[in-house]
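Hello,

Here is the structure I promised to pass on. My notes follow below it.

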Amino acid sequence: MGLAYHGSKVLKQLEQIVLVVPVGGSVLIRNAIAEFKPNYLFIAVPQDVSEDVVSGVSQDADAFARSLNLNMGIDRVPIPRAPIPGVSKDAVIAVRRAIVARKGFPLTVNIALLDDAPNWLNIVLYSTAPIIKALVYEGISLGAIRYYTLNDARDVVEPLRIPITDLGGEAYTVLKLMAKVKGAVSADVINAMYNETGNKVSRGYILKLLNKLIEAKLVERIVSGNMFLYRLTPLGEMLVG
């Protein structure tokens, strides 16, 4: 019990706070920085936004963080616009990849939605929240989602979660292996890839994991000739693609 307590205490001390914001007005970004005091700030920006705009927002955020004696890293996350109204899969993947690239320490990721930011960017970040929450096996957790106006800030209700913790770490490993293939793959191939990780399991066990992932709408089964193949759904791609 003592070792477990000290271990969790050390992990808490190593934990880094990440804040993700859409590009918007400097005042609201400052308010979010003051509240969360992040170790790292990600600014989601449209791919076609002017570099001068991004630099100005980044420099203001950096100067404000320094005034609070925060040693805060800053990076931009280019976000592709959806070809049709809605949230593109690639936009969510871009945010998730940027966050996962920061791992190495336990991360708590907070999302600030800004009243003066493009609404579609706010929607992208909100849609990324359940993906972030499902990254538990990467040492990443979702903190708060807050909506900022010039007058106040309020908590936003989390979107529906992805039941990855119910499926278990082995199922998550299967998803990550499938992401490496980038296409439909047979259970035999997945089984061989899984066994190469050093954890030997049977083909039947892989099929059980795949069935769970299908029920969770992370994987789909397709017929190819006289055999079944498996591929990630758009939701599965957003989580590991």
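**Helix H7 and its neighbours**

Glu-170, Thr-173, Val-174, Leu-177, Met-178, Lys-180 and Val-181 of helix H7 touch Ile-190, Met-193 and Tyr-194 of helix H8. Contact means heavy atoms within 4.5 Å. Sorted by class, the contact of H7 with H8 has seven nonpolar, one polar and two charged residues. Ala, Val, Leu, Ile, Met, Phe, Trp, Tyr, Cys and Pro count as nonpolar, Asp, Glu, Lys and Arg as charged, and the others, Gly among them, as polar.

A word on the source. This is a predicted model: local features need pLDDT of at least 70, side-chain atom pairs count only at pLDDT 80 or more, and totals for chains, interfaces and linings use all residues. Residues are numbered from 1 along each chain as its sequence is written, and side-chain values use heavy atoms, with hydrogens and water left out.

Back to the helices. H7 spans residues 169-181 and H8 residues 187-195; their axes come within 10 Å and cross at roughly 110°. That makes H7 roughly perpendicular to H8 (65 to 115 degrees). Axes are lines fitted to C-alpha atoms, for helices over the stretch in contact, and angles run from 0 to 180 degrees between N-to-C directions. Helices (H or I, at least four residues) and strands (E, at least two) are DSSP runs, numbered from the N terminus.

In H8, Ala-187, Ile-190, Asn-191, Met-193, Tyr-194 and Asn-195 are buried (under 20% relative accessible area, 1.4 Å probe, protein chains only). Their cover includes H7, helix H9 (203-215) and strand S8 (227-232).

H7 also packs on H9, at about 85° with axes 10 Å apart. H7 is therefore roughly perpendicular to H9. Glu-170, Ala-171, Val-174, Leu-175 and Met-178 of H7 meet Tyr-205, Ile-206, Leu-209, Leu-210 and Leu-213 of H9.

Six strands make an open, mixed sheet, ordered S3-S2-S1-S4-S5-S6. Two strands pair if DSSP finds at least two bridges between them. S3 (73-79) and S6 (153-155) stand at the edges with a single partner strand each, so one side of each has no neighbour in the sheet. The twist averages 25° from one strand to the next. S5 (residues 140-148) and S6 run antiparallel, joined by three bridges.

Two helices lie across strands here. Helix H5 (residues 119-133) lies across S1, S2, S3, S4 and S5, at about 160° to S4.

Best wishes

Note on methods. Angles under 35 degrees count as roughly parallel, over 145 as roughly antiparallel, 65 to 115 as roughly perpendicular and the rest as oblique. Buried means under 20% relative accessible area, exposed over 50%, partly exposed in between (1.4 Å probe, protein chains only).
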